[in-house]
Amino acid sequence: MGALDEGHFNGELENGVKLINLEVCDEEEVEATAAIEGAVKVLLQGLGEDVNREGLKKTPSRVAKALREGTKGYRQKAKDIVQSALFPEAGLDSGVGYAGGTGGLVIVRDIDLFSYCESCLLPFQVKCHVGYIPSGQRVVGLSKLSRVAEVFARRLQEPRRLAEEICSALDSGIKPAGVAVVLQCWHIQFPEADRNCFTQIHHPSEMNMQGWSKVSVRFGLGLFANEGSEAWGDFLALLKFRGFNVEKNHTKYPTSHHWCPFRSLDAPSCNGHASTHIPLNGRTPSRTGPSQPAMVAAVAMILNSLGEDPSRKEFVSTPRHFVQWLTKFRRPNMDMKLNGFDFDQFKPRLQKNMNDVDNSILDQAKGAEPVERSRLQSIAHFHGWKLQVQERLSRQIMETVAMIFGEDVMVVVEASHTCMVSRGIEKVGTSTATIATMGRFSTDPTAKAMFLQTVSDCTASGG
């Protein structure tokens, strides 16, 4: 027992599950976490932030924990998960696909997963459907299908390979007559590439992923190797029970180049045609990448600490892509002109207390024409492109709109937080809503209720 207590035991149990030297693992974890924390500090400093200010003191530690948790699949083996949960089940006869007498096909639907894109390190969300046809008179515990899927989702990924790896692991571990995976994936958008080459598809389920790039992929082995097979017909029919039409929503893409929105910044054209999309800030996207070598090197260090090789071809551009996205949050270079709306004339007043604002500016705004949607979007982007908390963001948008256009303001902000899925509670698909009110909306319940009903109606109608 002393050897076990001291963490020096290495061995193997009778069922083949290996015991790992916990002391070595702890040392590696501490070293990797420290390296990531140091890299995050470099990134924050590159943004012009003070890493010692109250709101950022624990940020490096939190980011390191989230990244290590989000990539823990590198330190797990799907084989061990599957082999510990195989059960004999002869079924009606010994024919293929009749384990349990169910007619063969077994599907676990709507597995919510979270992963990081290998091309840019930004998160993407996954709804996974896994099915297999038993053989050899044995079945696998249903929970293991979702656990195997999570092992491969918790690695730097792209959808096609994720589907293939889940299928291959289950095929190897279960030895079924066939195994298939369908994935619905949503990737966070890059601000200057928010329209990319593949079609945006409205998400039919309960999660509102507006503003995210979507792609659906499927992959199968054995009886599912042919996409036109009877097995696939049964699989897709069962998915339709959940309101998901794979044939309608299936988006084919040849390589990961067309999956990650950041990849479009590396290519001069899309499907042979030059892109004419003008980004929100009116500037042409830069394809040359950032010129912050310290920040790029820090991201490469993060990749290495996660267990990946930054020099591998899939990751050569990843540090540059991530830094290119991150520098949009740089404080000193905040673009003050968005959609033709010049914030420079108001910037000094934005930095003062609302009580000190010159009433003449408010008088100029009151009674004017209805506020253009683009101007409100500009205000939201101005405050959103900073390191933020949602409560502060809601208040800042409200105060700015009130100062410029009038003091009767109500703001509703809905957001999906990566921290809710990448660490701690790990709840994919959750969202957070906040409300901020000033003037009449803070004192008149009828006005507030009317505003909320209007927002609800617009959301329901897709407006």
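What is the handedness of the crossing of H5 and H6? The crossing is right-handed. This briefing concerns a predicted model of a protein chain with 17 helices and 13 strands. Of the 463 residues in the chain, 43% are buried. When contacts between residues at least 6 apart in sequence are considered, 71% of them join residues at least 24 apart.

**Packing of H5 and H6**

- Helix H5 spans residues 142–153 and helix H6 spans residues 159–174; their axes come within 9 Å and cross at roughly 135°.
- At that angle, H5 is oblique to H6, and the handedness of the crossing is right-handed, as stated at the outset.
- On the H5 side, the contact is made by Leu-145, Val-148, Ala-149, Phe-152 and Ala-153.
- On the H6 side, the contributing residues are Leu-162, Glu-165, Ile-166, Ala-169, Leu-170 and Ile-174.
- By class, the residues of this contact comprise ten nonpolar, no polar and one charged.

**Packing of H13 and H14**

- Helix H13 (residues 373–384) packs with helix H14 (residues 390–405) at an angle of about 135°, and the two axes are 9 Å apart.
- The two helices are therefore oblique to each other, and H13 passes H14 in a right-handed crossing.
- H13 contributes Arg-375, Leu-376, Ile-379, Ala-380, His-383 and Gly-384 to the contact.
- H14 contributes Leu-393, Gln-396, Ile-397, Thr-400, Val-401 and Phe-405.
- The contact of H13 with H14 has seven nonpolar, four polar and one charged residues.

**Cysteines**

- The structure holds zero disulfides.
- Cys-185 is in no disulfide, and the nearest cysteine sulfur, that of Cys-128, lies 8.7 Å away.
- With a relative accessible area of 0%, Cys-185 is buried.
- Cys-260 is likewise in no disulfide; its nearest cysteine sulfur belongs to Cys-120, at 3.7 Å.
- The pair Cys-260 and Cys-120 does not count as a disulfide because a disulfide requires sulfur atoms within 2.5 Å, whereas these sulfurs are 3.7 Å apart.
- Cys-260 is buried, with a relative accessible area of 2%.

**Positive phi values in loops**

- Leu-121 has a phi near 70°, a positive value in a residue other than glycine.
- The position of Leu-121 is in the loop between strand S4 (106–117) and strand S5 (123–133).
- Leu-121 counts as buried, at 6% relative accessibility.
- Lys-175 also is a residue other than glycine with a positive phi, here near 60°.
- Lys-175 is found in the loop between H6 and strand S8 (178–188).

- Phe-451 lies in helix H17, which covers residues 445–461.
- At 25% relative accessibility, Phe-451 counts as partly exposed.
- Apart from neighbours within four places in sequence, Phe-451 is in contact with Met-410, Val-412 and Phe-441.
- Met-410 is 41 residues from Phe-451 along the chain, and the C-alpha atoms of these two residues are separated by 8.0 Å.

Conventions. Residues numbered from 1 in each chain as written. Predicted model: local features only at pLDDT ≥ 70, side-chain atom pairs only at ≥ 80, totals over all residues. Heavy atoms only, no water. Axes fitted to C-alpha atoms, helices over the stretch in contact; angles between N-to-C directions. Helix = DSSP H or I, 4+ residues; strand = E, 2+ residues; numbered from the N terminus. Parallel < 35°, antiparallel > 145°, perpendicular 65-115°, else oblique. Left-handed = near helix turned anticlockwise from the far one by under 90°. Contact = heavy atoms within 4.5 Å. Nonpolar A, V, L, I, M, F, W, Y, C, P; charged D, E, K, R; others polar. Buried < 20%, exposed > 50% of the residue type's maximum accessible area, 1.4 Å probe, protein only.
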